[in-house]
Amino acid sequence: MSASSGVHARKEALARVTVVVPCVNRPEDVRTLLGDFAALDVDELDVRVVLVDNGSHTPMVPPADHPLDVDVVRLSVNTGGSGGYNAGMSHALATGEPELL
């Protein structure tokens, strides 16, 4: 992937966007989703992903060579979709200033 394609943070970004992804026990789906995000042509956006591991048996870990800014929030129990989104949004707001969440 060239430096001018895909989702990457840029200093002159038009907007800071945080995407919250709650997931449990689906590492391959997460890998696919992150790959799809990275392939998007939205260079004008500063994109960060908050992956909420909603109590997976094996902790979710994004691929080490992934180009996106990915934070992982690990919950000890499955709090359901709304609990996962709530934890992810709380993390996003506490650790940055997204314009779109």
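Predicted model: local features only at pLDDT ≥ 70, side-chain atom pairs only at ≥ 80, totals over all residues.
**Salt bridges, sheet and surface patch**

Arg-26 has a relative accessible area of 47%, so it counts as partly exposed.

What does Arg-26 pair with? Asp-29 is its salt-bridge partner, with the closest N and O atoms 3.1 Å apart. Asp-29 is partly exposed too, at 44% relative accessible area.

How many salt bridges does a search of the whole structure find? Five. Let me take two others.

Next, Glu-28 with Arg-31. Their closest N and O atoms are 3.7 Å apart. Both sit in helix 1, three residues apart, so about one helical turn separates them. Glu-28 has 52% relative accessibility; the cut-off for exposed is over 50%, so Glu-28 counts as exposed. Arg-31, with a relative accessible area of 40%, is partly exposed.

Now Glu-99 and Arg-16. Their side chains meet in a salt bridge, 3.7 Å from N to O. Glu-99 is partly exposed at 45% relative accessibility. Arg-16 is partly exposed as well, at 36%.

Strand 1 brings us to the sheet. Three strands form an open sheet, in the order 1-2-3, with parallel pairing. Which strands are at the edges? Strand 1, residues 15-23, and strand 3, residues 69-75; each pairs on one side only. On average, neighbouring strands are turned by 20° against each other, direction ignored.

Look at strands 1 and 2. They run parallel, and nine bridges join them; strand 2 covers residues 45-54. For a landmark, find Ala-15: it stands opposite Leu-45 in strand 2. Is strand 2 mostly covered or mostly open? Mostly covered: eight of its ten residues are buried.

On to the helices. Helix 1, residues 27-39, lies across strand 1, strand 2 and strand 3, and runs at about 165° to strand 1. Helix 2, residues 80-95, also lies across strand 1, strand 2 and strand 3. Its angle to strand 2 is about 135°.

Last, the surface. Which residues form the nonpolar patch? Tyr-85, Met-89, Leu-93 and Leu-101. Together they have about 390 Å² of accessible area. Tyr-85 belongs to helix 2. At 42% relative accessibility, Tyr-85 counts as partly exposed.

That is the tour.

Terms used
Residues numbered from 1 in each chain as written. Heavy atoms only, no water. Pairing = 2+ DSSP bridges. Helix = DSSP H or I, 4+ residues; strand = E, 2+ residues; numbered from the N terminus. Axes fitted to C-alpha atoms, helices over the stretch in contact; angles between N-to-C directions. Contact = heavy atoms within 4.5 Å. Patch = residues over 30% accessible without salt bridge, like charges linked within 9 Å, V, L, I, M, F, W, Y side chains within 5 Å. Areas by Shrake-Rupley, 256 points an atom, 1.4 Å probe, with all protein chains shown as cover. Salt bridge = Lys/Arg side-chain N within 4 Å of Asp/Glu carboxyl O. Buried < 20%, exposed > 50% of the residue type's maximum accessible area, 1.4 Å probe, protein only.
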